[in-house]
Amino acid sequence: MTTRSRRETVHFKHPFRIKGIDRLLAPGAYEVITDEEMIEGLSFASFRRVATMIMVPGAAPRTSSMEMISIGAVDLSDAQRDDASAAHE
């Protein structure tokens with residue numbers, strides 16, 4: 001099966017939480033990696049998401065390291081929406 005990974009940078013203006021991460025994350029830029037696999041048997045190329053990961057600074061006392069944590073795509077969208085709406089409060 002053919003797979004691909006997409007990388008994007010998401011920005012948060014406020015401290016935030018994402019389901020599955022047990023600590024508050026600082027505002028800033030975060031790299032998000034999305035793995036997708038090709039759906040076989042179609043007459044055109046189509047992919048479905050199979051995993052979403054975010055790179056975050058390590059938990060204390062390992063703040064100089066980075067962790068790749070698996071998260072839900074919906075949970076990421078919820079955190080982005082909450083961050084955007086916090087700007088209007």
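This is a predicted model: local features need pLDDT of at least 70, side-chain atom pairs count only at pLDDT 80 or more; totals for chains, interfaces and linings use all residues.
With a relative accessibility of 37%, R6 counts as partly exposed, a class that lies between buried (under 20% relative accessible area) and exposed (over 50%), as computed with a 1.4 Å probe on protein chains only. Residues are numbered from 1 along each chain as its sequence is written, and side-chain values use heavy atoms, with hydrogens and water left out.

R6 forms a salt bridge with E36, and the closest N and O atoms of the pair are 3.2 Å apart. The term salt bridge stands for a side-chain nitrogen of Lys or Arg within 4 Å of a carboxyl oxygen of Asp or Glu. R6 lies in strand β1 and E36 in strand β2, so this pair ties together parts that are 30 residues apart in sequence. Helices (H or I, at least four residues) and strands (E, at least two) are DSSP runs, numbered from the N terminus.

E36 also meets the side chain of R4 in a salt bridge, at 2.6 Å from N to O. Because R4 belongs to β1 (residues 3-12) and E36 to β2 (residues 28-38), this pair ties together parts 32 residues apart in sequence. R4 is partly exposed, at a relative accessible area of 37%, while E36 is buried, at 8%.

E31 is partly exposed, with a relative accessible area of 30%, and R7 is exposed, with 59%. The structure holds seven salt bridges.

Turning to the strands, β1 and β2 run antiparallel and are joined by 10 bridges; two strands pair if DSSP finds at least two bridges between them. One of the residues involved is T9, whose bridge partner in β2 is E31. On to the next pairing: β2 and strand β3 (residues 47-57) are antiparallel over seven bridges. Here E37 stands opposite R48 in β3.

In α1, L76, A79 and D83 are buried. They cover an arc of only 60° around the axis, which puts them on the same side of α1; the arc is that of the directions from the helix axis to the C-beta atoms. The cover over the buried residues of α1 includes β1, β2 and β4 (66-71).

The largest nonpolar core has 14 residues, of which I18, I21, Y30 and I54 touch the most other members. Such a core is a set of buried Ala, Val, Leu, Ile, Met, Phe, Trp, Tyr and Cys residues joined through side-chain atoms within 4.5 Å. At least two residues of this core come from each of β1, β2, β3, β4 and α1. Leaving aside its neighbours within four places in sequence, Y30 is in contact (heavy atoms within 4.5 Å) with residues including F12, F16, L25, I54 and V56.
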